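Below is a short briefing on one protein chain and its ligands. Please keep the sequence and the 3D view open while reading.

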Amino acid sequence: ARLGVDLQGAIRSHQLHLNYHPILSLDSGHLEGAESLVRWNHPVLGGISPAEFIPIAEESDTIFDLGAWVLEESLRQMSHWIQACKDLAPDVISVNVSRKQFSDPQMIENFARIIRESNVPPARIQLEITEDVGDIDLDLVVTRMHQLKQLGVKIAIDDFGTGTSTFAAIKSFPIDTVKLDISLVSQIVSSIDRAAIVHSLAILVRNLNVKMVAEGVETAQQIPVLQELGCHSAQGFYFSKPLDAKDFETQMGLFG
Ligand code: G
Ligand code: G
Ligand code: MN
Ligand code: NA
């Protein structure tokens, strides 16, 4: 509860910042995207992981304000990169959206305003949502996803292939991208069964004309296997850790 109270203040007093994780073409190395990841530097407790504070924010409506802040800040950064770096900017900024945010009656109104005021072309914005919507009504999520699509943004399914609802998600959601979960990617080299699952998912995804991105690539050996399985985009510690904006600019060569 204490962290929940601190979090409201953290948003107001600039204790939050974003890191960016590069999404790369496995074939050309081209910078296809940047996933923004929130970080909290607590004045007393130090760095707190989003794995810890996002669930706390989700227990109250704090996630609504946090989600709005993350979207605004991601788009402010992306707008800067587009203007300052031109062709060297990432193609897409990918922003995590908590399933709980879908229960916010103002969600679409707020997202529409933030996107409009950002000056980032909506086609260069991707919203990531996990395939399991939990206790949020599936019909509500589907309706809101269609409303988001009408704003012109891309939708990605995060943690794809792990949940209990992989097929429901791919069938019901208007998706552009699936992000293959790290738990599948980590085992494709060692487990024939896992590779077979990824292969099947890849066929399904390709037939639906959906882009597949591998998450959590950690070794060089995984790359040819992913390409063989039909996955041509990836992110992971093998390429880079999530970076703050300055390091992202330097390491991704955004200024040439
Ligand atoms: O970046 P890291 O591995 O510490 O992230 C841990 C978890 O927190 C991941 O599940 C990630 O999706 C989630 N996360 C990170 N940033 C955000 C954010 O801005 N919004 C939401 N909803 N989740 C985030
Ligand atoms: O749930 P989501 O996919 O949004 O989680 C993103 C988190 O996954 C990021 O916080 C990032 O730190 C973590 N991540 C990204 N690539 C790797 C990787 O190669 N290995 C591990 N262990 N974690 C990763
Ligand atoms: Mn994600
Ligand atoms: Na994931």
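**Shell around ligand 1**

The residues of the shell around ligand 1 comprise seven nonpolar, three polar and no charged; here Ala, Val, Leu, Ile, Met, Phe, Trp, Tyr, Cys and Pro count as nonpolar, Asp, Glu, Lys and Arg as charged, and the others, Gly among them, as polar. The model is predicted: local features need pLDDT of at least 70, side-chain atom pairs count only at pLDDT 80 or more, and totals for chains, interfaces and linings use all residues. Residues are numbered from 1 along each chain as its sequence is written, while chains are lettered from A and ligands numbered from 1 in the order in which they are written.

**Ligand surroundings**

- Around ligand 1 stand Leu37, Val38, Ser49, Pro50, Ala51, Ile54, Val70, Asn96, Ser98 and Pro242; a residue is near a molecule if its C-beta atom, placed from the backbone, lies within 6 Å of it.
- H2 provides the largest share of the shell around ligand 1, three residues.
- Ligand 2 has 14 residues around it, of which Leu37, Gly216, Glu218, Gly236 and Phe237 come nearest.
- The shell around ligand 2 is made up of five nonpolar, five polar and four charged residues.
- Leu37 is listed around ligand 1 and also around ligand 2.

**The chain as a whole**

- The chain contains ten helices and ten strands.
- Its radius of gyration is 18 Å, which agrees with the value near 18 Å for a compact globule of 256 residues; the radius is taken over C-alpha atoms, and the globule rule is 2.2 Å times the number of residues to the power 0.38.
- Along the principal axes, the C-alpha atoms fill a box of roughly 50 × 45 × 35 Å.
- Of the 256 residues, 38% count as buried; a residue is buried if 20 or more other C-beta atoms lie within 10 Å of its own, exposed if 12 or fewer, and partly exposed in between, with C-beta atoms placed from the backbone.
- Among contacts between residues at least 6 apart in sequence, 68% join residues at least 24 apart; two residues are in contact if their C-beta atoms, placed from the backbone, lie within 7 Å.

**Helix H8 (192–207)**

- The end C-alpha atoms of H8 are 23 Å apart, which agrees with the 22 Å that its 16 residues should span at 1.5 Å a residue; the expected span is 1.5 Å times one less than the number of residues.
- Val198, Leu201 and Val205 are the buried residues of H8.
- Seen down the axis, these buried residues fall within an arc of 65°, so they line one face of H8; the arc is that of the directions from the helix axis to the C-beta atoms.
- The face of H8 turned away from the buried side carries the exposed residues Ile192, Asp193, Ala196, Ser200, Ile203 and Asn207.
- Strand S7 (177–180), helix H7 (182–185) and strand S8 are included in what covers the buried residues of H8.

**Helix H3 (62–85)**

- H3 has 24 residues that should span 34 Å at 1.5 Å a residue, and its end C-alpha atoms are 34 Å apart, which agrees.
- The buried residues of H3 include Thr62, Ile63, Phe64, Val70, Met78 and Trp81.
- Val70 also belongs to the shell around ligand 1.
- Lys86 follows H3 and has a positive phi, near 50°.

**Loop residues**

- Most residues other than glycine have a negative phi.
- Asn119 has a positive phi of about 65° and lies in the loop between helix H4 (107–118) and strand S5 (125–130).
- Asn119 counts as exposed because it has 12 C-beta neighbours inside 10 Å.
- Asn209 is exposed, with 8 other C-beta atoms within 10 Å.
- Leu151, in the loop between helix H5 (138–150) and strand S6 (154–160), counts as partly exposed because it has 14 C-beta neighbours inside 10 Å.
- Not counting residues up to four places away in sequence, Leu151 touches Phe111, Ala112, Ile115 and Pro122.
- Lys241 lies between strand S9 (233–234) and strand S10 (243–244) and counts as exposed, with 11 C-beta neighbours inside 10 Å.

Terms used:
Helix = DSSP H or I, 4+ residues; strand = E, 2+ residues; numbered from the N terminus.
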